[in-house]
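Visitor: I am new to this structure and would like a close look at one part of it. Please start with a single strand and then place it in its surroundings.

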Amino acid sequence: MENNQPKHDLSRKNSITTTATVDGATDSVGPGEVGAGTGRIPVSWDLEADVVVIGAGAAGLPAAIKAVEGGASVIVVETNYDIGGHAIISGGNTPLGGGTSAQRKYGIEDSPDLVFRDLTDWSIVQPNGWPDYRYNDRAVMRAFADHCAPTYEFLVANGADFKDVPPDNQGGHNLGNSAPRENHAVWTKGAGPESPNNRAGTGLIRPLENSARAKGVKFLLNYKMTSLIRKGQNTGRVLGITAQHTPRVMPGQTTPLKSFRSDGNIDSTKPAMSIRARKAVIIATGGMTSNLNFRRMFDPRLTEVLTVAGEPYTFQDASGELAAMAIGASLWGFANQTLENGDNIRTQRVLATKWNYMTWELEFPLFPLVRATGLAVKDWHNLILVNQVGKRFYDETKGDYPHGNVYNEINPYTPNDYRNNERIDYHPSKYNFFNAAVAMNEYSGPPDYSAGPLWAIFDADAVARNKWKVTPPYVDPDGYFFSADTLTELASKIKNEYQAKPMKGETLRATVERYNSFVDAGEDPDFGKPKPKYKIQTPPFYAAWATPNVHDTRSGLRINAKCQVMDMNGQVIPGLYCGGESAGGFNQHGLGRCTTQGYIAGINAAAEKSDE
Ligand SMILES: Cc1cc2nc3c(=O)[nH]c(=O)nc-3n(C[C@H](O)[C@H](O)[C@H](O)COP(=O)(O)OP(=O)(O)OC[C@H]3O[C@@H](n4cnc5c(N)ncnc54)[C@H](O)[C@@H]3O)c2cc1C
C-alpha cells in the first residue's frame, strides 16, 4: 500500500481513508453487484472520501471548497502534475454579476432576475448573427443567476484577487446586455513560479487552491479518472471512480514535473487506484474540445490540425463526459457547440509555435514540450496567411473573432424585442475568417478532407519592423517555422505532420507577387484587405505556423439546477454532479459559469446522504 494516509485528524464520518485493495481498481465485483461502465466495484477501495472531485480547475476548486465547508471530506483527483487547468493560465476575466459587492460599490444596478432575463433573451445575436442565449437551458440559467453574486463573494472570501475597479464589459463574452459584470483577476507578471505561464488567472486560482488546502481538501495529482463506478448497470448510485497514474515527464528530462505546493497531496505512484465517494462524485474535467472525435460530433470541420487553447498545460479530453455517458448520462444543448460563437474557433496573434494561443515564457514548466515562445503579431499587414496549398483565402486583418454579447453592446436595448437584431454591429463578412480557414482546398483529401495548416508568410523587413527574434527558442524550426532565401525554396522546406503535400514553389511565388501588386495598387481586389501596407520582397523569407485554435466547450453533460447529472430518461443519476465546461446547456465563455457551477455542485454534493 502507498503511504498516502492523510496527516490531519478527521472523524470517521468525514474522514478520507486509504485501505488495502485487491490489485488494481477493476478486478473484483461485490456480491450481486455488476458495476457499470468500465469501472467495477472493488472489494476494497484504495482511497475514500465523502466527495470526490475530478479536476482541479475553475469548477473543481470551488466545488471542493464548498463541499469541505459543508462538512464533507474531499479528495480532488487531477490528471495534471499541478492544479489549475485552463483557469490558471486564463486571462482571469471573471463574469459574475447579479448584485455583487463590487457592483454595489460602484453603483451598478444588477440582480439575479436581470442576469436570468439577459441570458435567456432570444432576440440577442452576435455580430456574425449567431444567437448567444437562444439555446440556453432555462433551469441551468436560473440556477446560475441565483448563485452568481454569492459565488463572487465566495471567491473573494477565499482569497481571489480581483482588481478594485468597477466591473466592466472587457475580456468577457456572452455576459448579457443589462449591466457590466466582468471582474478582473490580478497577477503581476514575473511575481513567482506559482504561475505556470505568468497569467492573470493565477490570481484567481492559486488563492482558491491555498484555501482548499487550508480547509483540509486532499489532492491526488497525476491521476486521471478513467471510469465511474455505479451500483448497477445504469442504475443506482455512483459509488466512486477508478483512476490511472499519469505523471508528466518533459522531453529531455527524467523526473516527472512536480506541483508548486505539495502539502495536502496524497503521494502515490500506484499504477491504478479505486476511490470511493461516500456521498458524491463531481465531474469538473473541463470539457471535450481536445478530443478529436468528440468535437467532430458537433462540427466535422474541426480536424486534427487544430490545437486547443489551454493545451498542452491541460487537455479537454472528454474523459468526464465519456465516463458519465458510459453509466447512462445524457449530453445536452448541442446547438451551443455547433453555432459559431466566434471564440469557439479563433486565429491567434502568435506564430511559429504549435500551441499558438499565447506566447510561452521560457520559465513555463512545459517549455521543453512547447519548444518556442512564439512571435506575437501586432499588425496583420506584416504578413499574409496562406493555406497548405500556398494560396491566400481571406483578409488577414479579419482574423479576430466576434465576441459574445456584452453590456451595452445593443443600445437601446429592449429585452426580447425583435429590433435588437437590428441594433448590433452586424458584420458577417468581418467574422468569416475562420470559416474560410477551415474550408477545403486543393490538398484536402481522404480520410477527413482537412483544410491543413495555415502559414504566415513574411520577409526580413517584417522581422525588423517587429523586432522578432527568429531563432530558437523564439521559434520552433521542427515543423513550425521555416526560412529560405527564395520563396520557391521556402515552399519546398515546409514540412509538417499536418501538411498534406509539399507546397509548390510557383504557387507561393505567384501568391506573393499578386499580393505585392495589391500593395502598389493600394487595394486588395481578392479579399478586400484594407490598403495592404507592406510588400513581401526582402530575403530571407519566412513561413510560420498560424493555424487556428479551438477554444471553448459549450455543450456537455445534462445537469439540473443542482448540477446533478441527468440520464437519458431525464432522471438524476444519484451521487453524480458536474460543473464547468463539461456541463451542457449554458452558452457562456469561461470562468463565471464554471466557478458558479462548482459552487452549486459543492454545496449539494456535501448535503447528500452518505452511503454508509
Ligand atoms: C488561455 C485561456 C485563457 C482564458 N481566459 C479566460 C478569461 O479571461 N475569462 C474567462 O471567463 N475564461 C477564460 N478562459 C476559459 C476558462 O479558463 C475556462 O472556461 C475554465 O477554466 C474552465 O473551467 P473547468 O473547471 O471546466 O476546466 P479547467 O479549468 O480546464 O479544469 C479542468 C481540470 O480537469 C482536469 N482533468 C481533465 N480530465 C481529467 C480526468 N479524467 N481526471 C482527472 N483530472 C482531469 C484537467 O487537467 C484540468 O486541470 C480561458 C481559457 C484559456 C485556455
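Visitor: Which residue in E3 is the bridge partner of Val-53?

Guide: Val-76 in E3 is the bridge partner of Val-53. Before going further, note that this is a predicted model, in which local features need pLDDT of at least 70, side-chain atom pairs count only at pLDDT 80 or more, and totals for chains, interfaces and linings use all residues. Residues are numbered from 1 along each chain as its sequence is written. Helices (H or I, at least four residues) and strands (E, at least two) are DSSP runs, numbered from the N terminus.

E2 and E3 pair in the parallel sense, over four bridges. Strands are said to pair if DSSP finds at least two bridges between them. From E2 the chain passes through helix H1 (residues 60-69) to reach E3, a β-α-β crossover that is right-handed. The term means that, with the strands pointing away from the viewer, the path from the first strand over the helix to the second runs clockwise.

E2 also has a partner in strand E9 (residues 272-283), again parallel, with seven bridges. There, Val-53 stands opposite Ile-282. Strand E2 itself covers residues 47-54, and eight of its eight residues are buried. A residue is buried if 20 or more other C-beta atoms lie within 10 Å of its own, exposed if 12 or fewer, and partly exposed in between, with C-beta atoms placed from the backbone.

E3 (74-78) leads on to the ligand: this strand supplies at least two residues of the shell around the ligand. So do other elements, including helix H2 (85-88), strand E7 (223-232) and helix H15 (591-606). There are 45 residues around the ligand, and Gly-55, Gly-57, Gly-85, Gly-580 and Gly-590 come nearest. A residue is near a molecule or strand if its C-beta atom, placed from the backbone, lies within 6 Å of it. The shell divides into 15 nonpolar, 26 polar and four charged residues. In this count Ala, Val, Leu, Ile, Met, Phe, Trp, Tyr, Cys and Pro are nonpolar, Asp, Glu, Lys and Arg are charged, and the others, Gly among them, are polar.

Helix H8 (319-326) is another supplier of at least two shell residues. Its buried residues are Ser-319, Gly-320, Glu-321, Ala-323 and Ala-324. Just after H8, Gly-328 takes a positive phi of about 105 degrees.

Elsewhere, an open sheet of mixed pairing has three strands in the order E10-E19-E12. Its edge strands, E10 (307-308) and E12 (345-346), each pair on one side only. E10 and E19 (residues 549-550) are parallel over two bridges, and Val-308 has Val-550 as its bridge partner in E19.

As for the whole, the protein has 15 helices and 22 strands. Its radius of gyration is 25 Å, close to the 25 Å that the globule rule gives for 612 residues, so the protein is as compact as a globular protein of that length. That radius is taken over C-alpha atoms, and the rule is 2.2 Å times the number of residues to the power 0.38. The C-alpha atoms fill a box of roughly 80 × 60 × 45 Å, taken along the principal axes. Buried residues make up 57% of the 612 residues.
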